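I opened my notebook to go through this one piece by piece. Here are my entries, in the order I looked things up.

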Amino acid sequence: MARNQENATIIYHPEEVTGKQTISINKMKKLNSFILVAFAAVVLMATGCSNNESAKESKPANAKTTKNVENLPNYRYVDLDSILNKYNLAKDYNEEMLRMQNNMESAAKRHENKIQNFASTMQNKMQNNGYLSEASYRQDEQTIANMQNEAQRNIASLQNNFQAAAMRGQQAVMDSITAFIKDYNKNRGYDAIFQKASTLYINPDLDITDEVVEGLNARYNKVNKK
């Protein structure tokens with residue numbers, strides 16, 4: 001082993017510790033909310049019977065907007081991004097995902113530091129003729145390879161858990177909003193409730209976002225107090 005120590009160099013790439021998983025973690029930082037992307041194209045529809053036939057008539061193109069309910073068509077819209085930012089259930093899931101993301105990043109950093117420290121130890125041993133045999137050097141080489149493999153498996157597992165939790169959260173929030181919209185519309189009888197993002201223009205007087213958010217949070221907070 002002595003004949004190889006002076007010229008030997010440890011090749012260590014920190015990016016090998018976490019591989020594609022670390023790249024994915026960094027990309028996650030660009031997301032403001034895990035739910036917003038999943039719901040970006042959702043249109044919430046709720047059908048019902050209208051008790052006001054005149055409300056179904058289309059408004060003239062040059063008609064002025066008015067807050068007189070009798071002059072409004074029998075549909076409404078919500079700003080889904082606003083709902084997701086204000087709905088406590090969505091905010092709670094978002095906080096959970098941020099915690100899981102932080103845990104992944106911390107785990108990746110721990111693995112990286114551990115491997116870097118071991119690599120430095122190997123480098124020092126080589127520079128100071130600390131390896132008495134080829135076998136002892138090969139053993140440390142295998143150890144650092146095992147550490148890298150363990151790091152990749154651990155972070156892959158954390159990322160799979162993150163993705164599964166994100167899917168559950170998205171589905172739970174979507175189901176909650178959809179169920180509330182249906183119950184909400186039973187007493188209003190709107191022909192449809194649209195998402196604002198699906199329209200090019202819609203009369204602001206038809207916005208029921210704040211009312212829906214208030215109802216969602218009232219129901220969610222009531223359940224949490226039980």
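What follows are my notes on the fold, the cores, the charged pairs and a few asparagines.

**Entry 1: what I am looking at**

I am working with a predicted model, so I keep in mind that local features here need pLDDT of at least 70. The chain has 226 residues, and 35% of them count as buried. I get seven helices and two strands for the secondary structure. Going along the sequence, I read the pattern as α-α-α-β-α-α-α-β-α. I also looked up the accessible surface: it comes to about 14,100 Å², with 49% belonging to carbon and sulfur atoms.

Next I checked how far apart in sequence the contacting residues are. Taking contacts with a separation of 6 or more, 87% come from residues 24 or more positions apart.

**Entry 2: helix H5**

I wanted the span of H5, end to end. This helix has 40 residues, and I find 58 Å from its first C-alpha to its last, close to the 58 Å expected at 1.5 Å a residue. Just after H5 I noted Asn129, which takes a positive phi of about 55°.

**Entry 3: nonpolar cores**

Which residues have the most contacts inside the largest nonpolar core? I list Ile83, Tyr87, Val173, Ile177, Ile193, Val212 and Leu216, in a core of 19 residues. Helices H4 (80-86), H5 (88-127), H6 (134-186) and H7 (209-225) are the elements that give two or more residues to this core. H6 gives the most, with five residues. Apart from this core I found another, of nine residues, including Ala119, Met122, Tyr137 and Ala151.

**Entry 4: salt bridges**

I searched the whole structure and got six salt bridges.

Lys125 with Asp140: I find their side chains meeting in a salt bridge at 3.3 Å, N to O. Lys125 sits in helix H5 and Asp140 in helix H6, 15 residues apart, and the pair links distant parts of the chain.

I have Glu134 as partly exposed at 28% relative accessibility, and Arg138 as partly exposed at 42%.

Arg188 with Glu211: here too I noted a salt bridge, with 2.9 Å between the closest N and O atoms. Arg188 counts as partly exposed at 35% relative accessibility, and Glu211 is partly exposed at 37%. I then looked for shared partners: salt bridges join Glu134, Arg138 and Glu141 into one network.

**Entry 5: Asn74 and Gly189**

I found Asn74 in the loop between helix H3 (34-38) and strand E1 (75-78). At 9% relative accessibility, Asn74 counts as buried. What lies 3.0 Å from a polar atom of its side chain? I traced that to the backbone oxygen of Gly189.

Gly189 has its place in the loop between H6 and E2. This glycine is buried as well, with a relative accessible area of 6%. Gly189 and Asn74 are 115 residues apart in sequence, yet I find their C-alpha atoms 8.1 Å apart in space.

**Entry 6: Asn217**

Asn217 is buried, with a relative accessible area of 13%. Which residues does Asn217 touch, not counting those up to four places away in sequence? I wrote down Lys86, Tyr87 and Asn88. Tyr87 was already in my notes, among the residues with the most contacts inside the largest nonpolar core.

How values were computed
Residues numbered from 1 in each chain as written. Predicted model: local features only at pLDDT ≥ 70, side-chain atom pairs only at ≥ 80, totals over all residues. Heavy atoms only, no water. Helix = DSSP H or I, 4+ residues; strand = E, 2+ residues; numbered from the N terminus. Buried < 20%, exposed > 50% of the residue type's maximum accessible area, 1.4 Å probe, protein only. Polar contact = N/O pair within 3.5 Å; in protein donor to acceptor, adjacent residues only side chain to side chain. Core = buried A, V, L, I, M, F, W, Y, C linked by side-chain atoms within 4.5 Å. Salt bridge = Lys/Arg side-chain N within 4 Å of Asp/Glu carboxyl O. Contact = heavy atoms within 4.5 Å. Areas by Shrake-Rupley, 256 points an atom, 1.4 Å probe, with all protein chains shown as cover. Expected span 1.5 Å × (residues − 1).
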